[in-house]
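This report describes a ligand site and a pair of packed helices. Please examine the sequence and the structure before reading on.

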Amino acid sequence: MRTQVAIIGAGPSGLLLSHLLHLEGVDTVVVESQSRAYVEARIRAGVLEHGAAQTLVEAGVGARLQREGLVHHGINLNFSGQTHRIDLSDLTGGSAVTVYGQHEVVKDLIEARLSSGGDLRFAASDVQISGIDGDAPGLAFTQDGQRQEIACAFVAGCDGFHGVSRGYVPASQHRIYERSYPFAWLGILAAARPASEELIYARHANGFALLSMRSAEITRAYLQCAPDEDLAQWSDAHVWDELHKRLEVDGAFRVNEGPILQRGVTPMRSFVIEPMQYRRLFLVGDAAHIVPPTGAKGMNLAMADVRVLSRALADYFRSGKTDRLDAYSATCLRRVWQVQRFSWWMTALLHRFPDADAFGERLRDAELRHVVSSRAASRVLAENYVGLPYDI
Ligand code: FAS
Ligand code: PHB
């Protein structure tokens with residue numbers, strides 16, 4: 001088999017890259033370890049930045065997003081028994097975010113790729129990369145018991161944090177920056193009408209909580225928990241009880257309870273590999289960086305990388321020019337580090353740190369109060385939350 005770009009991973013990064021390259025007339029093959037059903041059912045991110053939603057619409061895969069996505073013009077911060085609305089649109093000259101599950105984006109992209117003849121290989125195992133030091137790299141993988149090989153010009157590592165592609169960058173050629181956090185998120189998906197029209201982020205003595213949604217009937221919510229939390233210790237009643245407590249406003253606010261359909265623990269880490277490329281291999285999205293989900297940035301940052309790489313590869317195949325390809329990592333890292341900073345800041349502001357001293361807790365309370373009482377401070381949060389310009 002031969003293609004121009006071999007893509008490992010059919011998450012948002014790999015699928016959007018394959019679609020945008022298709023629009024540029026560049027051939028790709030996407031090799032994915034899980035089944036189509038698995039990747040389409042995997043519940044993860046929920047918020048699309050202004051620019052990410054626009055990217056999908058402009059690429060012709062945003063029709064259902066425009067029909068079913070929930071456009072939000074504000075978010076709410078609950079703390080000390082009070083709630084404070086951050087008016088995202090007022091503070092950013094009209095930008096907003098769209099609540100639309102990552103699994104819906106994945107479904108739309110798979111649908112678009114298959115209907116335009118895209119080559120997506122699901123349930124592929126033992127993926128191996130070769131020849132990235134030369135000018136004829138390749139991918140080998142096993143599917144339906146058959147070992148297969150793809151010759152290509154470039155390999156895109158879109159295989160997430162636990163994928164294989166990052167391991168092909170020689171240790172002498174990269175540097176890792178990382179931070180882990182002393183907590184995780186217990187996430188639930190429940191058949192319950194969201195108790196708020198907009199997202200609520202809460203800082204509480206018991207820990208952080210987030211009330212989000214997937215539709216008018218489905219609540220998505222998160223609770224700060226221990227990094228090694230035993231899910232068995234969290235009965236449904238305990239989950240709801242903690243959500244009521246942590247999201248309370250003067251004892252009045254209560255979430256709507258309902259059957260919990262899914263639950264899981266998401267670890268919290270900040271991670272960046274520099275550079276995000278090595279010879280003919282380009283790392284994209286979670287394969288290159290991880291942010292704590294507090295800022296709702298993971299998928300959005302992945303899509304920003306894809307915009308850069310798709311244009312750089314299109315340039316190369318159209319004109320042989322490599323300047324955008326050579327600058328891929330430096331271009332992406334400008335945004336990566338801005339988003340790392342914002343995600344770390346939102347996480348530090350809203351979570352309880354087990355080793356925090358009383359002075360530190362007061363500083364955090366004071367910063368949160370400053371954010372909601374100063375238009376300038378609210379604007380910094382709003383600009384980052386709706387998404388920084390792509391040409392920062
Ligand atoms: P992905 O991890 O989505 O996709 C990588 C793909 O590669 C997967 O389909 C995987 O099966 C495949 N793959 C892996 N190894 C392979 C191999 N060896 N061969 C072939 N294929 C391979 N972000 C938010 O903004 N908000 C959230 O609430 C949020 N919650 C999250 C919860 C969890 C449990 C996780 C893990 C992440 C969460 N994220 C969240 C971040 C997440 O949304 C990512 O940022 C987003 O999925 C990034 O997309 P990709 O880079 O495509 O990586
Ligand atoms: C979600 O809806 O899954 C979500 C929303 C906002 C976040 C993280 C996750 O910051």
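## Ligand site and helix packing

In the side chain of R44, an N or O atom lies 2.8 Å from an oxygen atom of ligand 1. This is a polar contact, that is, a pair of N or O atoms within 3.5 Å. The model is predicted: local features need pLDDT of at least 70, side-chain atom pairs count only at pLDDT 80 or more, and totals for chains, interfaces and linings use all residues. Residues are numbered from 1 along each chain as its sequence is written, chains are lettered from A and ligands numbered from 1 in the order in which they are written, and side-chain values use heavy atoms, without hydrogens and water.

| Residue | N or O atom in | Distance |
|---|---|---|
| S13 | side chain | 2.7 Å |
| R44 | side chain | 2.8 Å |
| G298 | backbone | 3.2 Å |

Taken alone, ligand 1 exposes 980 Å², of which the protein buries 85%; accessible areas come from the Shrake-Rupley method with a 1.4 Å probe. Around ligand 1 there are 29 residues, of which S13, E32, R42, R44 and Q102 come nearest; a residue is near if one of its heavy atoms lies within 4 Å.

Helix 1 (residues 12-23) packs with helix 6 (residues 102-115) at an angle of about 35°, their axes being 9 Å apart. Helices are DSSP runs (H or I) of at least four residues, and axes are lines fitted to C-alpha atoms over the stretch in contact, with angles from 0 to 180 degrees between N-to-C directions.

Terms used:
Helix = DSSP H or I, 4+ residues; strand = E, 2+ residues; numbered from the N terminus. Polar contact = N/O pair within 3.5 Å; in protein donor to acceptor, adjacent residues only side chain to side chain.
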